[in-house]
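Subject: Structure for your review

Dear colleague,

Please find the structure below, followed by an account of what was found in it. I would be grateful if you could read the two side by side.

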Amino acid sequence: MKTITQPVGEASRRRSSIRLLSLYRTEIAIAIAIIVMELAVGAIVPAALSVGNVANVAQAAAPLVIMAFGVLLVVITGGIDLSVGSVFSLTGMVTGLAMAHGFSALASSAAGLSIGVLIGAINGALVTYVGLAPFVVTLSTYAIAGSLSFIVTDGHSLPISDPNFWLLDAGTLIPGVPNYVLWCAVLLIVIEFGLRKLVAGRWLYAIGSSSSSARVIGIPVNRVRMTAYLLSGLLASFSGLVSVSYIGNAEATAGSSLMLQAIAAVVIGGASLFGGTGSAFGALLGALMITIIQNGANLIGVNSFWQGTVTGVVILIAVLIDRITKARR
Amino acid sequence: MNKPPYLMTARGIVKSYGPTSVLKGFDLSVAAGEVHAFLGGNGAGKSTFIKIISGQIDRDSGSLEFAPNSASSSAADASDENTIAVVNQELALLPHLTVAENIALPRSRRGYGLFNASEARRIAVDALSLIDPTFAQASVDRLVADLSLHERQLVEIARALDSGASLLLLDEPTANLTAGETERLFTVIRRLTVDKGLAVLFVSHRMREIRQIADVCTIIRNGQTTIDRVALTSITDAEIVEQMGQAALGPAAEPRAQRRPRTSGDGIDAGKPNDLRVQTDGIDLEIASGTILGLAGPPDGPEALMDALIGVSRAGKWSIARNGTAVSYRRPSTAARDGVGFVSGDRANKGILANLPIVDNLAASARIVGRKRAVRREEVAQGSDLLDALSIRAGSLWDLPATLSGGTQQKLLIARWLRLKPTVLVLEEPTRGVDIRTKQEIYALIREMAAQGAIIVWWSTEYLELVELCDTVLAFDPDGHPTSVLRGDSISEAGLAHATGMAA
């Protein structure tokens, strides 16, 4: 029988880097598109490229990035999580409420995060164990959690009283690196590593690819799906905390527009709503692209009513380019 | 403590799907180191039983024992211990993942462990090389979604072989394999049974192969055991067929002379010419009405020609002419309306509409050809007639196709075209996973359609079929190039093996 010799050293490394490049084909394309867009905006409004503005964009993008990471996990398994926007808002409200009643920033944050875990658990249980369609389940929890956000404070917004809380977003645990960047970077590395290198990551893709085959092989489909929804809830919650820390105010409507943006971000980054593909890197780039479009439109002075059109058109173009380059392979 | 003589013992297995009773107290036992053929007619319960052993579905009652831990009577437990690996007829692969990941992933039991991609590649290459070394090297990083049915079967078998299981369940494993690959698979199985005491339980309808590889056989009929662990050396083919409850339709020995195409009489359109001409470099073949043209060889070559004929892809290097005029179908509906019918053995992907009831499945092609806008009541009556014409027993026209066995679904796909009287009927492995009796019924049907003037184009990897049915055979080599045309007596298994370059 033939023995297969493994290439060693240089040849092996080169082969791995080629493989890596082709693996991240979509993400590289999106990154290029982002750079091109930013340069184009900078040509019209030079201030767009200033450090201040770049920091603005990054800070505005952070909550969306974190939420998109959560949605990504669910989308890879072939599901969807529409409740993230409401989890975002409700977390802010609960946290604000807890602080208003005198709880410490830490305790209040924990209370807020538990909202994400709770709703994630409900979503997960209804989808995996009862077998309801993810769209329907998460739409319902979206509606319920959304209305609860209003009920919690009777529709009023809540100022965040603890001055230390804003550090969650703008503080610097690592000197020189604002926290919002830190959270995104850490989550990016952890999630991308998990997706690529952990068996559980492969399982996520397997379930999204064919849940029946995954079951036959012996993958614990239910457990993995449940975990995906739990994490999605948790990350949406965390993103709510970061955002509230940034704004200083908890509002009941805060998360409503984010849900569609998070899904769009994940899809721009290469995930398919049918499941089986997607990456954290792509989700981050997708979120960045959406934020940059809005930032750019603002700076150029586009009438705010047109911003929806601008965002939609640019997203369509990005996705079309990606599809065309894939088809030509 | 007595060591149980058998690796797996199933006793009195009962399983019903609603009112339909599939298994009625079935027994089967498999010993370590043996290759055990599992035979039975269409819908007799074989696939159901395999799914029960492998833990995919639950049995209603009966016992299932597995050694070495004979206390564990749960099939799912045994699967967890990697004791059983199964290759179903409907392949269970993950399309978005690579070949390497598909083969190696089942080995990882714990989610929080690391998945080593290069190790996975090595495992996959080793496993695939057992059956097809060139495919192994070339395809280990390819996405399964990009593979053909034939290639997917290789991957699924490699995964099963690699699993280190002590019992292998194979449901028609050679259905999509060429002769060469089948030979290598059997070599691997023989080695594993001798070296590692691997037990193999496999379902097949190809008597030739069964005699080549199996030691004993068990036959199921009407949900119960009729033959239990009989050595293949002590039972004849005729006895097997009889025990399966198949009517005594042996391989039809219709002399070639009778298969001359009819040129007059009650044909499709009496008097209307119907001929087909296909040309490419080196080949210029004219096929008259009523001919059964066989295509032999691995998938690439025949598929290119078939896809062109049915309008799925451009003609490419093939020039096709019908009744003297060149044709190039731009889409399948054009071909269908020009009288080209298509039936594939890849039922799940190229034929059966799984979410629609039987009546819609039967009317599907008629609706396209006739450009029907509305669903009509006649379709129900016509559907009923078709089921009778083909002796298909279905619960109701409104049941889903999944309630029918594989062979019956295949008849359904042929029934779709029966009333439409196609002038050209293209068949792609039409008896894949079909039992002997149904096969004979299908052969008779096709012969009947040919006798009425249709031109049949038939691709099969089972040379016996081609030898039995075809007047002319176009052979292809593994690279997809047509090599030669065989006619009449030169159509033999040896002749085909030589022409296609695949060792018989």
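In this predicted model, Gly55(B) follows helix H1 of chain B and has a positive phi, near 85 degrees. H1(B) itself spans residues 46-53 and is mostly covered, with eight of its eight residues buried. Lys46(B) and Lys51(B) are among these buried residues, together with Ser47(B), Thr48(B), Phe49(B), Ile50(B), Ile52(B) and Ile53(B).

Turning to the contact between the chains, 21 residues of chain A are in contact with 23 residues of chain B. On the chain B side, helix H2 (75-80) and helix H4 (117-129) each supply at least two residues. H4(B) gives the most to that side, namely three residues. The side of chain B that touches chain A comprises twelve nonpolar, seven polar and four charged residues.

Leaving aside residues up to four places away in sequence, Ala68(A) touches Ala262(A), Ala265(A), Val266(A), Ala283(A), Gly286(A) and Ala287(A).

Yours sincerely

Terms used. Residues numbered from 1 in each chain as written. Chains lettered and ligands numbered in written order. Predicted model: local features only at pLDDT ≥ 70, side-chain atom pairs only at ≥ 80, totals over all residues. Contact = placed C-beta atoms within 7 Å. Helix = DSSP H or I, 4+ residues; strand = E, 2+ residues; numbered from the N terminus. Nonpolar A, V, L, I, M, F, W, Y, C, P; charged D, E, K, R; others polar. Buried ≥ 20, exposed ≤ 12 C-beta atoms within 10 Å, placed from the backbone.
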